[in-house]
Amino acid sequence: MSLLYFCFMSVISHSHSRQNMSEAPVQPHIQRLYDNSECRTPLICSLLDGDPLKDIQRLAKSKGCTVWHISMDSPKNEQNALDYLDVGLQNGDWVYLTKNELAGCQTHREIALQLLTVVPNPKMFPKRELFRLWMAVEDELDLNETVNPVFPTLLSHNALYGRARPTSPKGNTTKLLVKRAVEPSIMK
């Protein structure tokens, strides 16, 4: 009897843990990126905060969308990314691109041009407004880098960037210190 009770309780606890895992909240910076975006906005996040794919999938599922994960580490995958971008814009699917540092600048330019020229037309494409493009980078992204930038200017100027708030060893969130680029004055 006690063995049967133990097996029954372990099945119940396992089903509750799986249910709680699927209902885990989306990371706040991923939610903020989504809330502040629209179908033409590339969303860029760092893998230093952990892989956001599960959060993106959870968020997409709540919106009734599918996520296509593509690694940009070969020319064939770059073409796949362009194809899935086109399909996603038609039917509202989400595209999640990783290893963007390895992709060619021409591919990123084509992505930026395709997003820039999208016209949200709810009558012809009712699901287009649901589309999102998520791009993950491995390291910190220097927005002021002019020599060999990861993303072309057209894409980076239209994108939203998200990072998780850093936590101190005590578990408290720390204030983010953002260094602003100092522009040289025109008149000296």
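Helix α2 (residues 28-35) and helix α3 (residues 53-63) pack at an angle of about 45°, and their axes lie 10 Å apart. The model is predicted: local features need pLDDT of at least 70, side-chain atom pairs count only at pLDDT 80 or more, and totals for chains, interfaces and linings use all residues. Residues are numbered from 1 along each chain as its sequence is written, and side-chain values use heavy atoms, with hydrogens and water left out.

Helices here are DSSP runs of H or I with at least four residues, and strands are runs of E with at least two. Axes are lines fitted to C-alpha atoms over the stretch in contact, with angles from 0 to 180 degrees between N-to-C directions.

On the α2 side, the contact (heavy atoms within 4.5 Å) is made by Ile30, Gln31 and Tyr34; on the α3 side, by Asp55, Ile56, Leu59 and Lys63. These residues divide into four nonpolar, one polar and two charged.

I turn now to the aromatic rings. Rings of Phe, Tyr and Trp (its six-membered ring) pair if their centres lie within 6.5 Å; planes under 30 degrees apart are stacked, over 60 edge-to-face, and the rest tilted. The count comes to three aromatic pairs. The rings of Trp94 and Trp134 have centres 6.0 Å apart and planes at 40°, so this pair is tilted. Trp94 lies in strand β3 (residues 94-98) and Trp134 in strand β4 (residues 132-137), so the pair ties together parts 40 residues apart in sequence.

Methods: Nonpolar A, V, L, I, M, F, W, Y, C, P; charged D, E, K, R; others polar.
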